[in-house]
Amino acid sequence: MTRAFIFPGQGSQVVGMGKALAEISQPARHVFAEVDDALGENLSRIMFEGPVEELTLTANAQPALMAASLAVVRALEFERGLDLARDAACVAGHSLGEYSALAAAGTFSVADTARLLRIRGEAMQRAVAPGEGAMAALIGPDLATAHAIAEEAAEDQVCGVANDNGAGQVVLSGHRDAIERAVTIAQKRGVKRAILLNVSAPFHCALMGPAADAMREALAAVSMRPPSVPVYANVTAGPLSDPEAIRGALVAQVTGTVRWAESVAAMAASGVDRFYELGAGKVLTGLVKRIAPATTASAVGSADDVAAYA
């Protein structure tokens, strides 16, 4: 098998994630302690106990999801002998999951990754005043149709494709008025479903410009190493190994489209036939099965999953 390890993004968080693994795995506990120390607060308590409203805050959800993913990586290394450089052809992550992928591949330390994601989450939240932005999911249309809907809806505002998740699932982001127009246009065009999302900010669109500036500054101050395996970047849908190229892609990612469908297809075309989603939830596992049905995909998030990994 040729393997790729993939890492989930915001929306996969759930109260209790990582708790059972931490109870039996010292390497997993060490990850949570390292993240808590880096942030100067007990984020792991929020992860394990809630409340859900606090975990869902963007500034908490982003480092928390990374911590859950890296805890699984460290448990696999200790319990199952995982060696990413030997066992993986590549890694990738959806939005913030790209940071998890880079931490797993050794580009960033876990502590630096936690601090970067805290900065990212706070900057994204500050970039647009509450109520000014929105996101909507379109279920059914191809990417070209989604782009056409966004272009028609934009008028003099921002409205664009934030996520191309594949299998007819496209997310739009921008000004609230424009996104509401897009939902109406999509419904008139016979799109299967077009629904506003309950999100705190319009991610991955031009309105996130201030957050991109914040990440450019933050990333410039952090030590980076070449990843142990290529990382498929959201904005290029191709493999990167040069730290400077990775830095630029992470800045561009804040305002750019998450090209997940293209990324998975490119990994499969390169020879990957087995995908493992490491961390919370199974969202990416389901997407991979629809994007690249000739491959296999499974989620590894619990202690039982770690024990069953082969």
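Good morning. I begin with tyrosine 276, which is buried, with a relative accessible area of 4%. Buried means under 20% relative accessible area, while exposed means over 50% and partly exposed lies in between, using a 1.4 Å probe and protein chains only.

This is a predicted model, in which local features need pLDDT of at least 70 and side-chain atom pairs count only at pLDDT 80 or more, whereas totals for chains, interfaces and linings use all residues. Residues are numbered from 1 along each chain as its sequence is written, and side-chain values use heavy atoms, with hydrogens and water left out.

I turn to the rings. How many aromatic pairs does the structure hold? There are five. The centres of the rings of phenylalanine 5 and tyrosine 276 are 5.5 Å apart and their planes lie at 20°, so this pair is stacked. It connects distant parts of the chain, with phenylalanine 5 in strand β1 (residues 3–7) and tyrosine 276 in strand β9 (residues 274–278), 271 residues apart. Two rings of Phe, Tyr or Trp (its six-membered ring) form a pair if their centres lie within 6.5 Å; planes under 30 degrees apart count as stacked, over 60 as edge-to-face and the rest as tilted. Strands (E, at least two residues) and helices (H or I, at least four) are DSSP runs, numbered from the N terminus.

Phenylalanine 5 is buried, at a relative accessible area of 0%. Its ring also pairs with that of tyrosine 309: the centres are 6.5 Å apart and the planes at 40°, so this pair is tilted. Here too distant parts of the chain are linked, since tyrosine 309 is in the segment after α15 (303–308), 304 residues from phenylalanine 5.

Finally, the backbone. Most residues other than glycine have a negative phi, and most peptide bonds are trans. Glycine 50 and proline 51, however, are joined by a cis peptide bond, with omega about 10°; proline 51 is in the loop between α3 (43–49) and α4 (52–56). Histidine 204 has a positive phi, near 55°, and lies in the loop between β6 (193–196) and α11 (209–220). This histidine 204 is buried, at 5% relative accessible area. Alanine 237 also has a positive phi, near 55°, and is found in the loop between β7 (231–232) and β8 (239–240).
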